[in-house]
Amino acid sequence: MRLDKLLEQENFGSRRHVRALIRSKQVRIDGKIVIDESQSVEPAIQEILVKDQRLQEPLHVYYMLNKPQGVVTAVRDATHTTVIDLIAPKDQRKGLYPVGRLDRDTEGLLLLTDNGQLGYQLLLPHKKVLKRYEVIVNGVLTEADRLAFAQGIVFVGGETCKSAELQILAAKAGHSHAYLDITEGKFHQVKKMFLSVGKKVTYLKRLSMGPIQLDETLEAGQYRPLNTTELQALKPYFTIHKKERV
Ligand code: URA
């Protein structure tokens, strides 16, 4: 958002007044005086000082949820509880939505935000955001499976997956335990990848998405706002343009 628009919205005065404030060198962003009112800013990851007073009110919310099984990744659903239903009324925002999708029986890390731009950037295929999943499958995972994942699984029908890293943690007769790192987000991708090597996923949990790791102190169904370190780590996905039009 433009700096002058943001300050006006945050009650620092009329657009004319905040422009005068900026031009009289009373606004600093990350320690530097700014004199261009059209500069684009993102208060979640920048320190904005107006006459040495820090802009407090975050424009957007960013939550990490430990999604439990049985809840659907949707904003609304006629029959099932949705991930948005798990957010307390005081934390609800217009436009709050889940970034990407986990199946109803998948648990783990889900980011929720009302910043559509950030969610969009994180899901762009060419950004190749890495997602780590913990997986339990029936059957014994082998070195041949690891190589097949590394080479790129091909689904029945010809759709190909990018190279993925399978780390086998334990492989016994009845089941195997592994981590899988993928950089795509195809529909039911992990389950379909394992089916392609003849194994059925019996448990699936997302542990990370890009630089954000699931906070293991969150019980299933709990959420918390991203902290400053996490927001800073997401910086490459925030779109901050030099100049914005009004
Ligand atoms: N892949 C799947 O198959 N399911 C999920 O929920 C996420 C990734």
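How much area do domain 2 and domain 3 bury between them, and what share of it is on carbon and sulfur atoms? In this predicted model, the two domains bury about 1300 Å² between them, with 45% of that area on carbon and sulfur atoms.

**Division of the chain**
- The chain is divided into domain 1, covering residues 3-59, domain 2, made up of 62-125 together with 211-235, and domain 3, covering 130-209.
- Between the C-alpha centres of domain 2 and domain 3 the distance is 23 Å, and their contact takes 19 residues from domain 2 and eleven residues from domain 3.

**The side of domain 2 that touches domain 3**
- On the domain 2 side, the residues that lose the most area to domain 3 are Asp103, Glu107 and Leu109, which together account for 32% of what that side buries.
- Ten residue pairs are in polar contact between domain 2 and domain 3, counting pairs with both residues at pLDDT 80 or more.
- Strand E7 (107-113), helix H3 (116-123) and strand E12 (212-213) each supply at least two residues of the side of domain 2 that touches domain 3, and E7 gives the most to that side, with five residues.
- By residue class, this side of domain 2 divides into ten nonpolar, four polar and five charged residues.

**Salt bridges**
- Three salt bridges are found by the rule across the interface of domain 2 and domain 3.
- Lys191 forms a salt bridge with Asp103, in which the closest N and O atoms are 2.8 Å apart; Asp103 is also among the domain 2 residues that lose the most area to domain 3.

**Helix H5**
- Helix H5 spans residues 189-196, and its buried residues are Gln189, Val190, Lys191, Met193 and Phe194, so that Lys191, the salt-bridge partner of Asp103, is listed among the buried residues of the helix.
- The elements covering these buried residues include strand E8 (131-138), helix H4 (143-151), strand E9 (165-171), strand E10 (175-182) and strand E11 (201-209).
- After H5 comes Gly198, which has a positive phi, near 80 degrees.

**Ser208 in strand E11**
- Ser208 lies in strand E11, and Ser208 counts as buried because its relative accessible area is 7%, which is under the 20% cut-off.
- Leaving aside residues up to four places away in sequence, Ser208 touches Leu109, Leu130, Lys131, Arg132 and Gln213; of these, Leu109 is one of the domain 2 residues that lose the most area to domain 3.

Definitions and conventions:
Residues are numbered from 1 along each chain as its sequence is written. This is a predicted model: local features need pLDDT of at least 70, side-chain atom pairs count only at pLDDT 80 or more; totals for chains, interfaces and linings use all residues. Side-chain values use heavy atoms; hydrogens and water are left out. Buried means under 20% relative accessible area, exposed over 50%, partly exposed in between (1.4 Å probe, protein chains only). Helices (H or I, at least four residues) and strands (E, at least two) are DSSP runs, numbered from the N terminus. Contact means heavy atoms within 4.5 Å. Domain bounds come from an automatic or database domain assignment. Buried area is the accessible area (1.4 Å probe) that two parts lose on being put together, summed over both. A salt bridge is a side-chain nitrogen of Lys or Arg within 4 Å of a carboxyl oxygen of Asp or Glu. A polar contact is a pair of N or O atoms within 3.5 Å; within protein, one must be able to donate a hydrogen and the other to accept it, and residues adjacent in sequence count only if both atoms are side-chain atoms. Ala, Val, Leu, Ile, Met, Phe, Trp, Tyr, Cys and Pro count as nonpolar, Asp, Glu, Lys and Arg as charged, and the others, Gly among them, as polar.
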